[in-house]
Amino acid sequence: MMAKTSLIAKIRKDIVLYGALAANIGIAIAKFVAAGISGSSSMATEGVHSLVDSGNQILLLYGQKRAARPPDKFHPFGYGRELYFWAFVVAILIFAVGAGVSIYEGIIHIWNPHPIEDPRLSYIVLGLAFLLEGASWTIAVREFRGSVGDKGWWQAIHRSKDPPGFIVLFEDSAALAGLVIAAVGVWASVYFQDPRIDGAASIVIGLVLAAVAVLLAREAKGLIIGEAADPNLIAQLRAVLDGHPQIEAVNHVRTVHTGPESVFVAVSADFVDTIPMGEAESLIEELEVAMKALSPTISSIYIRPEKKENAFVEHVSSTGAA
C-alpha cells in the first residue's frame, strides 16, 4: 500500500512536467512548419521558444531523478540540491537561447524584412498552440495551487522549495503571452503591410522570456545557496523546545532545505545544569522524536547542549526566521 501511494505521489509530481513536455514538442514542430511556409519571424521565434521549453522539461525530469539518489559517504545529506542546480541551468537556457535567439531573430527581420506570404496557417497553429499551452498551464496551476495555502501566489513561489512546479507555471505563462504577442505581430504585419512589425514582436517575446529567466534564476540561486524551512515549521520546532522544564533557553533553531522534501535542523539549547548525561541523551532523543513528528520533510536533527552566554543567539529579521 505504501509503495502504491508513493508511486501515485510521484506520478502526480511528474505529470506537470510530462504534460508540458508533450505539449511543447508538438507545438514546436507545428510552429517551425508554419514559420517555414509563411516566413513569419515571430512564428520562428515561437518555435525556438517551444523547443527550449521542451529541453527544459527534460532537464528538470533528469534533475528530479538525480536528486532522488540516496545519501552516501560523499554526500551524507543526499543529492536533493542537484535539482536546484538544474533549475538554474534551465533559467540560463531560457535567457541565453530562448530570449537571445528571439531578440536576434527580431533584429535580423527588422533589418532585412520580408512580407508574410500566408498568415492563415500561422493563425491556425497559434490557435492550436494556445489550446495546448492553456491545458498545460491549467495543470500547472491546479498542481501548484495545492501548495499556496493561505499565502499569496508570489509568496508561495518565493517560498517554494520544489522548482519544477513554479518553473513550468512561469514557462507556460510566458508561452501564452508569447502566443498572443506573435498573433498580434502577424496580424499587424499583414494589416499595415509592414513586415518589420513581425520582427518587433519577436523582440518583445524575447524580452518577456528574459524577464522570466531572471526571476527563475533568482529563485534557483536562493535554493542553491540554502533556504530555511517555512517559518511556521520553524515556530513549531521552537515550540517543542520552549517551556520544556529541562531546557533553560533555546539559543537558536536553524534549518536548511537539502532538497525539496528534505530539511536539516540544527538546535542549540541551554539545558539545566543538574541533568545527568544519561538523562540528557534520553531528552535529546525525546525531542528529536517530537520534532520529526511535526513534518515528514525533517530528515536530520542535530541538538547541541550549549550555555546561553557562550552561544550566538540569532535574531529574527524581516527576511526570515532564526
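This is a predicted model: local features need pLDDT of at least 70, side-chain atom pairs count only at pLDDT 80 or more; totals for chains, interfaces and linings use all residues.
**View 1. Helices H8 and H9 pack against each other.** H8 covers residues 231-241 and H9 covers residues 277-292, with the two axes 10 Å apart. Their packing angle is about 150 degrees, and since angles over 145 count as roughly antiparallel, that's the label this pair gets. The crossing is right-handed. On the H8 side you'll find Leu237, Val240 and Leu241, which meet Leu287, Ala290 and Met291 of H9. That makes the contact 6 nonpolar residues, with no polar and no charged ones.

**View 2. Lys31 and Glu46 form a salt bridge.** The N to O distance here is 2.9 Å. Lys31 sits in helix H1 (residues 2-38) and Glu46 in helix H2 (residues 41-67), so the pair links distant parts of the chain, 15 residues apart. Both ends are tucked away: Lys31 is buried at a relative accessible area of 1%, and Glu46 is buried at 0%.

**View 3. Arg66 meets Glu82 in a salt bridge.** This one comes in at 3.0 Å, N to O. It ties Arg66 in helix H2 to Glu82 in helix H3 (residues 82-111), 16 residues apart. Arg66 is partly exposed, with a relative accessible area of 29%, while Glu82 is buried at 17%. Arg69 joins in too, and together with Arg66 and Glu82 is part of a network of salt bridges.

**View 4. Arg196 pairs with Asp194 in a salt bridge.** The N to O distance is 3.0 Å. Arg196 is partly exposed, with a relative accessible area of 45%. For context, a search of the whole structure turns up 8 salt bridges.

Note on methods
Residues are numbered from 1 along each chain as its sequence is written. Side-chain values use heavy atoms; hydrogens and water are left out. Axes are lines fitted to C-alpha atoms, for helices over the stretch in contact, and angles run from 0 to 180 degrees between N-to-C directions. Helices (H or I, at least four residues) and strands (E, at least two) are DSSP runs, numbered from the N terminus. Angles under 35 degrees count as roughly parallel, over 145 as roughly antiparallel, 65 to 115 as roughly perpendicular and the rest as oblique. A crossing is left-handed if the near helix is turned anticlockwise from the far one by less than a right angle, and right-handed if clockwise. Contact means heavy atoms within 4.5 Å. Ala, Val, Leu, Ile, Met, Phe, Trp, Tyr, Cys and Pro count as nonpolar, Asp, Glu, Lys and Arg as charged, and the others, Gly among them, as polar. A salt bridge is a side-chain nitrogen of Lys or Arg within 4 Å of a carboxyl oxygen of Asp or Glu. Buried means under 20% relative accessible area, exposed over 50%, partly exposed in between (1.4 Å probe, protein chains only).
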